[in-house]
Amino acid sequence: MKRGWMAPLALSLLLTGCSGLPAAREMGDMALLRTMGIDAAANGVAVTGSTGPRAKGLQAEDEPALILSADRESLSGACLAMQGQSDSYVFFGYVDQLLLGQELAERGVQPVLDYFSRDAELGLGAQLWLVRGAAAREAVSSGGDKGVDSRLETLQTDSDMGIASITRTAGEVYTDLLELGSAFVPALSPAGDETAVLTERGYGVLNGDRLVGFLDGEAAKGLELLAGGPSADVLEAELAQNRVSVKVVSASTKSELEVQGGVLSGLKLTCRVEARLSEYQRHPDEAAVQALKTGLEQRERLRLEAALERLQELGTDCTGLGARAGIARPALWQRVQRDWADRFAELPVELQVQVTVHK
């Protein structure tokens with residue numbers, strides 16, 4: 001019954017221009033922000049946005065990236081202030097890269113993620129990065145006239161191919177913080193290098209919603225193994241005057257809760273690694289392949305141990321080992337879930353690494 005009068009009413013509102021909808025705009029009249037950086041400021045937040053190179057005119061020639069910035073007490077206030085800095089309408093709906101400064105992350109990222117989850121234009125689909133040892137404003141501005149969005153897109157593509165750090169969306173991090181109480185985020189630093197304005201700097205670890213530390217080097221590689229993320233890596237060895245290279249092609253880690261007398265006694269991790277011979281002077285024999293397998297197992301074990309030691313030190317199971325293990329033991333997990341972070345920090349971990357080398 002209600003449909004009969006609502007359709008004519010909607011039509012009449014559109015025809016009279018009283019619908020309340022925003023006026024349509026040509027794409028050329030809009031500044032489409034692609035990257036946003038957010039820092040802590042003395043009285044609130046400092047927000048920086050970049051469009052990347054823009055096409056203009058009939059020949060679609062590139063213009064320099066437009067960089068806007070504003071410091072206000074709130075995110076909404078800063079975004080509104082940026083509107084007045086451009087002769088075009090500033091549109092936030094294309095922001096797909098979000099950079100958070102280290103100082104802001106140390107204070108807490110929850111307000112930013114809350115804002116992105118509620119804002120109609122922004123949303124939680126943007127890739128999230130921590131800027132290590134510098135402000136996000138510095139990182140966003142480091143690309144100069146070309147912007148940094150192409151560099152961030154390259155890192156994202158390389159991650160999908162398994163040759164760069166694990167990338168994470170704001171939504172994935174937000175979900176982990178709500179469900180696990182912790183999360184890991186890839187970290188970047190302005191490099192000052194003309195070939196790569198931003199470089200990878202391991203992973204930042206959030207406990208609650210605050211940055212509590214970083215994982216670097218081998219520990220960062222171990223975190224990737226725990227999370228089942230990018231695994232492309234090469235082990236090179238000299239075996240009986242035969243230089244051989246083996247390439248890791250996949251890795252996954254399974255976790256199990258161990259019980260003695262009905263009480264949680266430990267955590268068992270099994271990491272399975274698939275590798276393939278990639279280069280050699282002459283085809284290695286079985287003894288050489290076994291030596292490669294042993295060497296790869298030792299290296300990956302050391303990486304896992306480094307990551308686990310650091311995560312237990314920080315008291316954060318940010319890769320969800322407990323939650324994954326709890327699927328097989330739901331009753332036990334329900335009992336230990338509430339204080340899992342404290343248990344994880346002290347829990348003995350049994351670690352197994354199984355490597356398969358394909359010829």
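Is Cys 79 buried or exposed? Cys 79 is buried, at a relative accessible area of 6%. Keep in mind that this is a predicted model.

Staying with cysteines, Cys 271 is also on my list. Its relative accessibility is 1%, so Cys 271 counts as buried, the cut-off being under 20%. As for disulfides, searching the whole structure turns up zero.

Next, a helix pair. Helix 8 covers residues 217–227, and helix 9 covers residues 286–314. Their axes lie 7 Å apart, and the two pack at an angle of about 95°. Angles of 65 to 115 degrees count as roughly perpendicular, so that is the label for helix 8 and helix 9.

Which residues of helix 8 meet helix 9? On the helix 8 side we have Glu 218, Ala 219, Lys 221, Gly 222, Leu 223, Leu 225 and Leu 226. Facing them from helix 9 are Arg 299, Glu 300, Arg 303, Leu 304, Ala 306, Ala 307, Leu 308 and Leu 311. By type, the contact of helix 8 with helix 9 has nine nonpolar residues, five charged and one polar.

Ala 291 sits in helix 9. With a relative accessible area of 37%, Ala 291 is partly exposed, because that value falls between the 20% and 50% cut-offs. How far apart are the C-alpha atoms of Ala 291 and Ala 237? They are separated by 9.2 Å, while along the chain these two alanines are 54 residues apart.

That is what I have for today.

Definitions and conventions
Residues are numbered from 1 along each chain as its sequence is written. This is a predicted model: local features need pLDDT of at least 70, side-chain atom pairs count only at pLDDT 80 or more; totals for chains, interfaces and linings use all residues. Side-chain values use heavy atoms; hydrogens and water are left out. Axes are lines fitted to C-alpha atoms, for helices over the stretch in contact, and angles run from 0 to 180 degrees between N-to-C directions. Helices (H or I, at least four residues) and strands (E, at least two) are DSSP runs, numbered from the N terminus. Angles under 35 degrees count as roughly parallel, over 145 as roughly antiparallel, 65 to 115 as roughly perpendicular and the rest as oblique. Contact means heavy atoms within 4.5 Å. Ala, Val, Leu, Ile, Met, Phe, Trp, Tyr, Cys and Pro count as nonpolar, Asp, Glu, Lys and Arg as charged, and the others, Gly among them, as polar. A disulfide is a pair of cysteine sulfur atoms within 2.5 Å. Buried means under 20% relative accessible area, exposed over 50%, partly exposed in between (1.4 Å probe, protein chains only).
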